[in-house]
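I opened the notebook to look at how two chains meet.

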There are 2 protein chains.
Amino acid sequence: MMQVKGIRSISPYVPGEQPNFSDMIKINTNENAYPPSPAVLDTLKHFDGKSLSRYSSISNQKLKEALAKKYHLQSNQFVIGNGSDEILAFCMLAFFNSKEPILFPDITYGFYKVWADLFHIPYQEVPLKQDFRINFEDYNRFNGGILIPNPNAPTGIYEESPTIETLLKNNSDSVVIIDEAYIDFGGVSVIPLIEKYPNLVVVHTFSKSRSLAGLRIGYAISNPNLIQVLESIKSSFNPYSVDTLSEELSVSAVESQTYYLEINQKIQHTRELFAHKLNQLGFVVLPSKTNFVLTTHPKADMQALFEFLNEQHVFVRFFPTNKRLEQFFRISIGTDQEMLRVTQILEQFLAK
Amino acid sequence: MMQVKGIRSISPYVPGEQPNFSDMIKINTNENAYPPSPAVLDTLKHFDGKSLSRYSSISNQKLKEALAKKYHLQSNQFVIGNGSDEILAFCMLAFFNSKEPILFPDITYGFYKVWADLFHIPYQEVPLKQDFRINFEDYNRFNGGILIPNPNAPTGIYEESPTIETLLKNNSDSVVIIDEAYIDFGGVSVIPLIEKYPNLVVVHTFSKSRSLAGLRIGYAISNPNLIQVLESIKSSFNPYSVDTLSEELSVSAVESQTYYLEINQKIQHTRELFAHKLNQLGFVVLPSKTNFVLTTHPKADMQALFEFLNEQHVFVRFFPTNKRLEQFFRISIGTDQEMLRVTQILEQFLAK
C-alpha cells in the first residue's frame, strides 16, 4: 500500500453517529438530556478570552481542589484529563505493563479492546453471564490488571459495592480500574474503598451526569502513589490536554451539585417511566442504573425498527455486528417529551 | 515501591514553569505577546453553552475546511488534535513502527525523546553542529523516521526549503515529520512539498502564532493516505480530543489572517530590536525566526542573572542541566514595553 516503512495499521473505535437535523431525537450516544448548569453558562459568559494566549494549567489544581472538596479527599488523589477516554488510555499505559493478560467483560465499552490493541497489551475478554451480568468468579485468575465499568455499558447493569470489594481483595497484586462513567444515575460509587485498597483506581467523566460531553473532562481518583504514576504518563504524552475554558467551566459544574442532582434524578424518573412503557409494549429491558436502557423486542424485526426510527429522525444505538447484541438497541434517556414521542413511534411500528 | 505489578516508571517532559504574579513578565514558554483576534473573542462571547451537553465533533470538518481554504489544500489533508503535542504523539504511534531508530537533533524540543521513551521507539539524537545548526548530512543513514523542527527550538534557527527537500529525497522510505510550530515568525512553510513527497508530514499549532495556547489546537498536514493513518490512531486513543469551544474559536482564528499577520510581524520587529540591543550589551544571540531568542553573555554569571531576573518577576527559560545550553537563556519575545523593561534589568545587572 505505502512505499514508506513504519506505518501502523489498526482498527479504531467506532463511536455512535453524529447526525444533525433540527427535529431529531438524538438518543444514541448517552449524552445528558439537559443543558449544563446555569453556573457553568454564567462562567462561560464572563470568561476573559484574552487569557487564552497563555497555556492552560498543567496541574489543574483548581479543579482538583473543587473535586477534593466534593468527595472529601485530597487534591493529590485526582488526575484530570481530556475526557475519561484520555484518562483510561493513560491508565492502560500507566498500570498494564506486566506480561499477563488484562481482563475485562466481553460485552462492555468497546474502547477497552482498542486501547489494548493500540498499546500491544495482552487481554482476555471475560464472557458475561447468560443474564448479561458480569461473572466476577471468572476474574479470579492470573491477570495483569482488571477493567470493569460499573454500571456496565451497554447493558446498564449495576453491581453493588461488596461485589467490587471482593474483586479488589482477590486481585490485590493487580491494578483494578472501575470505570464509573454512569455512576450518578442510581449507583453508589466505590470511592470510599480507595483508602482501603491500594490497587483501586476509579474513573469518572463530565460527559454524562454533568452534561458537558462537548467540553472533554474526565478524571481518575486513587491513592497519591498511583495518581503520581498517572501524572507522569500525562506529562509524557500531552501535559496541557485540559484547556483553560474546560477547566474553568468544570469547576462551576462541580459547584452546581443541587442542579445536577435534580436533572439526574429527573433522568432516572424518565428512565423508569420509559422502561415501564417498553415492558408494556412487549420489549425486554435490562435493569439499568444509567442514562440509557438496553432493550429488545422478541417479536419485532429490530433492523426494520431501527430504520423506521431513523426515517423519523430518531437515532438510537444498534449493534448489528455483535452476535449477542445484534437484536438489541441501546436507547439514551432524553427528556419526557422526547421519550413520549419515541414511545409513540414504537407503538406505531408494532401496530403495523 | 508498589506491591502491585505492571506499574510504569517513566521520566516525563518538564515544561516551563507557570508563575502567577500580577506584575510579572512571563517570557519562558513562548506564548504570543498579543491576545487572540477580535473575531475569536466575539465567537466566544456568542457561543451557546447549552450545546456543550452534546459531544464535540470527531471529524472536525469545519476547522479542516477553514484550514483547507487558507492553505489551498483539501480537507482530507488535515487531522486536528489537542495541541501539536497530541498530534506529534499520534505521529509517533502512526509512523514510527519499524525497528530502525528514528532520528532527531540532540538539541531540540525536549518532548521528542519523552514520546520515544513512552512508546518504546528506538531513537538516535543527532548532534547539532558547532554553530547550533542542524547537521543534515548526518541524517543520511538507516532510520525508522525523522523528526525535525523548523525553525528548531530552543535555538530558533530556521532552515530554508531546499535543505528540507534534500532531506525528503534522501529518506524517501521513511516518514519525515517537520514540526513547524514557529514557522509564522519569519520562515516559509514546506507545505508546498506535500504534493511531491508522500513521506512528508507537517505539524502546526495554534499555541504560538495564533495566540491560543490555552485552547489546545494543533494539526498535521500531509497526503490523504498518511492523514488516514493518523485519524485511525486518533480514533484509537481519544476521538473527541478537540472540544466544541476550541474548534469554534479556532475556525475564527483561521479566518482572522490579517490580524495574526500584523501581530506576528510586530513580534518579529520587536525581536529584531531586542536582539540588536542584546548584541550591544555584549550578549551572543543565535539568529532566530521564532518568537524567542537563544542567548548567552560570555562574561556574565548566567545563573546569577537568572535569579536576578526572577527576583524582579521576569521569567525566562534556563537550561542548567543541559551541557551545551547551560549558559543560555531562551527568552520569548513579549511586547515592546516588556522587552524594554527586560533590557533595563539586564543593563542593571551588567552594570554591577
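How many salt bridges are there between chain B and chain A? I count 6. I keep in mind that this is a predicted model.

I looked up one salt bridge by name. The side chains of B:R54 and A:E31 meet there, at 2.8 Å from N to O.

Next I checked polar contacts. I find 42 residue pairs in polar contact across the interface of chain B and chain A, both residues of each pair at pLDDT 80 or more.

Then I asked which helices of chain B take part. α1 (38-45), α3 (83-95), α4 (111-118), α6 (224-237) and α7 (244-254) of chain B each give at least two residues to the side that touches chain A. α6(B) gives the largest share, 8 residues. By type, I sort that side of chain B into 41 nonpolar, 29 polar and 13 charged residues.

I turned to the extent of the contact. Chain B brings 83 residues and chain A brings 83 residues. Together the two chains bury about 6,900 Å², with 61% of it on carbon and sulfur atoms. On the chain B side, B:K5, B:Y55 and B:F237 supply 12% of the area buried against chain A, more than any other three residues.

Last, the core. The largest nonpolar core has 174 residues, and A:L245 and B:L245 touch the most other members. I listed what A:L245 touches, leaving out residues up to four places away in sequence: A:L44, A:F47, A:L52, B:L44, B:L215, B:L245 and B:L249.

Note on methods: Residues numbered from 1 in each chain as written. Chains lettered and ligands numbered in written order. Predicted model: local features only at pLDDT ≥ 70, side-chain atom pairs only at ≥ 80, totals over all residues. Heavy atoms only, no water. Core = buried A, V, L, I, M, F, W, Y, C linked by side-chain atoms within 4.5 Å. Buried < 20%, exposed > 50% of the residue type's maximum accessible area, 1.4 Å probe, protein only. Contact = heavy atoms within 4.5 Å. Buried area = accessible area lost by both parts, 1.4 Å probe. Salt bridge = Lys/Arg side-chain N within 4 Å of Asp/Glu carboxyl O. Polar contact = N/O pair within 3.5 Å; in protein donor to acceptor, adjacent residues only side chain to side chain. Helix = DSSP H or I, 4+ residues; strand = E, 2+ residues; numbered from the N terminus. Nonpolar A, V, L, I, M, F, W, Y, C, P; charged D, E, K, R; others polar.
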